[in-house]
Amino acid sequence: MAAAQQAADAPVKVAVNWGAERQPLKTIPTLQVVVNPLLRRGASIHDAAFANLKALGADYVRYVPWHPYPRLAVAELEPPTKAKTSWDFTLIDPMTIDFLTATEGHERILNFSTIPAWMYDSKKPVAVPADPDRVFWDYTEGKELRDPSRKQLADYYSRLIRWYTQGGFTDELGVRHESGYHYKIPYWEVFNEIDVEHQPTPEQYTRSYDAIVGTLRTVDPAMKFVGLALAFPDRNPEMMTYFLDHRNHRPGIPLDMISYHFYASPTKEQTLEDWQYSFFDQADKFLVAVRYIEEIRKRLSPETRTTLDEVGTILPTDWHPDDPYAAGPAIPKAYWNASAAVYAYVYLETAKMGIDVVGESQLVGFPSQFPSVTMLDWTTGAPNARFEVLRLLHDHLGQGSTTVETRLVAKDVDALGFENAAGRHLLLVNKRDRSAKLELPPEFAGGEIWTVDEENAAASSMQLGGRECELGAFAVSIADAKTPR
């Protein structure tokens with residue numbers, strides 16, 4: 001028993017084979033911005049939120065005007081008649097322009113995912129609340145489009161794109177609407193979580209994708225496109241196999257990128273003691289799905305890239321639609337670090353697979369809008385551990401890095417060695433709510449380590465005295481070797 005205890009207390013040895021074959025570290029850490037009232041001009045944290053987004057300087061930030069706020073997401077809420085149209089960007093523009101300004105000079109993905117409800121053959125008309133800030137979960141009614149040719153759908157998105165990139169558009173009645181905007185939109189994502197919203201078949205979704213992409217390419221031939229955005233990719237292999245098969249698309253339709261999502265979520269009965277296991281067990285299950293999807297992608301469409309553009313955790317106490325604005329139970333401080341560690345772990349493991357983009361979800365959440373998913377304090381706008389871990393990855397994992405074979409025998413921690421012009425480094429993640437001792441390779445003795453944990457709300461650095469280091473609970477760290485390459 002004494003020998004077993006001594007072995008349990010021994011530091012975990014991290015070994016890096018710097019001479020092994022390398023692969024480029026191409027995985028870009030980023031986030032998504034979901035439209036909601038706290039991002040509107042005049043809201044209490046509007047300025048802080050967009051200032052933090054701009055200061056981060058991330059590429060491939062995903063912007064999603066989402067269906068719980070139809071007046072902030074849909075530019076034509078009523079169907080056109082012979083006498084008038086309902087095009088109105090008054091509420092949509094301010095937040096969208098603030099996003100485009102904050103991400104200027106960077107690759108970005110726009111996803112106006114919410115299709116006007118009147119385009120669907122729903123059982124009853126959808127009555128949109130007059131208050132644009134009131135959360136409304138019943139907008140995405142219906143499964144069959146009234147126009148099976150998809151021309152009406154494609155024309156809506158064509159006009160939307162023209163509003164922001166071509167200075168305006170001509171509506172269904174031949175009336176010109178001027179915006180004066182000439183923004184660059186590098187990527188357009190076609191819908192969001194289709195396996196939840198409207199639930200099209202693979203054939204139906206592919207037809208809609210082709211109609212929209214075919215039309216938008218005539219507006220901007222340089223624009224690239226993202227497809228699928230599945231909420232539960234492990235449940236929808238038929239969607240992946242059908243969509244990624246070029247034979248199922250119109251000639252010339254590009255499959256530039258696919259996307260899908262992951263959230264770890266405990267049961268209501270679980271506590272923080274359980275979360276540290278259930279979160280990472282669910283992450284491991286997701287990583288198995290990623291490996292299988294990668295094999296499908298490589299076989300059917302190897303040129304297609306991948307973005308995991310919603311990665312995070314959600315507490316079950318977030319969801320209470322009967323009383324959406326109730327604050328709910330207090331979220332423990334350690335939760336934010338646990339959630340940040342989940343994102344870092346998924347990033348680390350998918351980087352080994354060569355996934356292109358991993359986006360943390362989401363910039364701002366608050367009671368009624370998944371508060372446990374927020375990356376900023378919804379009362380002050382200050383970054384929490386989830387944002388700071390993203391910043392740590394963004395600032396240290398730059399262009400030109402290569403990953404290196406890294407070995408350790410441990411279930412509670414994970415590590416990835418990488419090298420760039422600045423030297424040799426290790427990304428370290430502690431998956432548990434307790435400290436972990438590590439023994440790093442000799443070249444790290446006397447180096448520097450940057451850490452986000454419960455004691456360090458923002459990344460702070462310290463000198464490594466020797467080869468051993470101790471990671472705090474749910475810590476995410478990047479260690480820099482002292483010895484030159």
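Which residues does Ser401 touch, not counting residues up to four places away in sequence? In this predicted model, Ser401 touches Pro24, Leu25, Phe418, Glu419 and Asn420. You will find Ser401 in the loop between α9 and β14 (402-407). Because its relative accessibility is 3%, Ser401 counts as buried. With Asn420 there is also a polar contact: the two side chains are joined at 3.2 Å.

Now let us look at the inside of the model. In soluble globular proteins, nonpolar side chains tend to be buried together. Here the largest nonpolar core has 122 residues, and Tyr157, Tyr164 and Trp188 are those with the most contacts inside it. Helix α8 (residues 333-353) gives the most to this core, contributing 15 residues. A second, separate core has 20 residues, including Val16, Ala415, Leu471 and Ala475.

Leaving out residues up to four places away in sequence, Trp188 touches Leu110, Phe112, Tyr157, Leu160, Ile161, Leu216, Met223, Lys224, Phe225 and Val226.

## Aromatic rings

A pair of aromatic rings is described by the distance of the centres and the angle of the planes. The structure holds 33 aromatic pairs. Here are two of them.

| Pair | Centre to centre | Angle between planes | Arrangement |
|---|---|---|---|
| Phe89 and Tyr164 | 5.9 Å | 85° | edge-to-face |
| Tyr156 and Tyr157 | 5.1 Å | 80° | edge-to-face |

Phe89 and Tyr164 link distant parts of the chain, as they are 75 residues apart. Phe89 belongs to the loop between β5 (61-64) and α3 (92-102), while Tyr164 belongs to helix α4 (residues 151-165). Phe89 and Tyr164 are buried, and Tyr156 and Tyr157 are buried too.

The charged end of Arg235 sits over the ring of Phe232, at 3.9 Å from the ring centre.

## A look at some helices

How many of the 11 residues of α3 are buried? The count is 9, so α3 is largely enclosed by the rest of the structure. These buried residues are Ile92, Asp93, Met95, Thr96, Ile97, Asp98, Phe99, Leu100 and Ala102. They pack against β4 (28-34), α2 (46-56), β5, β6 (108-110) and α4.

Helix α9 (residues 385-396) has 12 residues. From its first C-alpha to its last, α9 reaches 16 Å, close to the 16 Å expected at 1.5 Å a residue. At the start of α9, a side-chain oxygen of Asn384 comes to within 2.9 Å of the backbone nitrogen of Arg386.

Helix α5 (residues 202-219) contains Thr215. A polar atom of the Thr215 side chain lies 3.0 Å from the backbone oxygen of Ala211. Thr215 touches Ala154 and Ser158, not counting residues up to four places away in sequence.

Helix α7 (residues 272-300) holds Glu294. Is Glu294 buried or exposed? Its relative accessible area is 4%, so Glu294 is buried. The side chains of Glu294 and Arg297 are joined by a polar contact of 2.9 Å. Beyond its neighbours within four places in sequence, Glu294 is in contact with Thr306, Met353 and Ile355.

## Backbone features to spot

Most residues other than glycine have a negative phi, and most peptide bonds are trans. Some places in this model go the other way. The peptide bond from Ser361 to Gln362 is cis, with omega near -5°. Gln362 lies in the loop between β13 (357-360) and α9.

Phe370 is found in the loop between β13 and α9, and its phi is positive, near 50°. Since its relative accessibility is 17%, Phe370 counts as buried. Gln199 also has a positive phi, near 50°, and sits in the loop between β9 (187-189) and α5. With a relative accessibility of 40%, Gln199 counts as partly exposed.

Key: Residues numbered from 1 in each chain as written. Predicted model: local features only at pLDDT ≥ 70, side-chain atom pairs only at ≥ 80, totals over all residues. Heavy atoms only, no water. Core = buried A, V, L, I, M, F, W, Y, C linked by side-chain atoms within 4.5 Å. Buried < 20%, exposed > 50% of the residue type's maximum accessible area, 1.4 Å probe, protein only. Helix = DSSP H or I, 4+ residues; strand = E, 2+ residues; numbered from the N terminus. Contact = heavy atoms within 4.5 Å. Expected span 1.5 Å × (residues − 1). Polar contact = N/O pair within 3.5 Å; in protein donor to acceptor, adjacent residues only side chain to side chain. Phe/Tyr/Trp six-rings, centres within 6.5 Å; stacked < 30°, edge-to-face > 60°. Lys NZ or Arg CZ within 6 Å of the ring centre and 35° of its normal.
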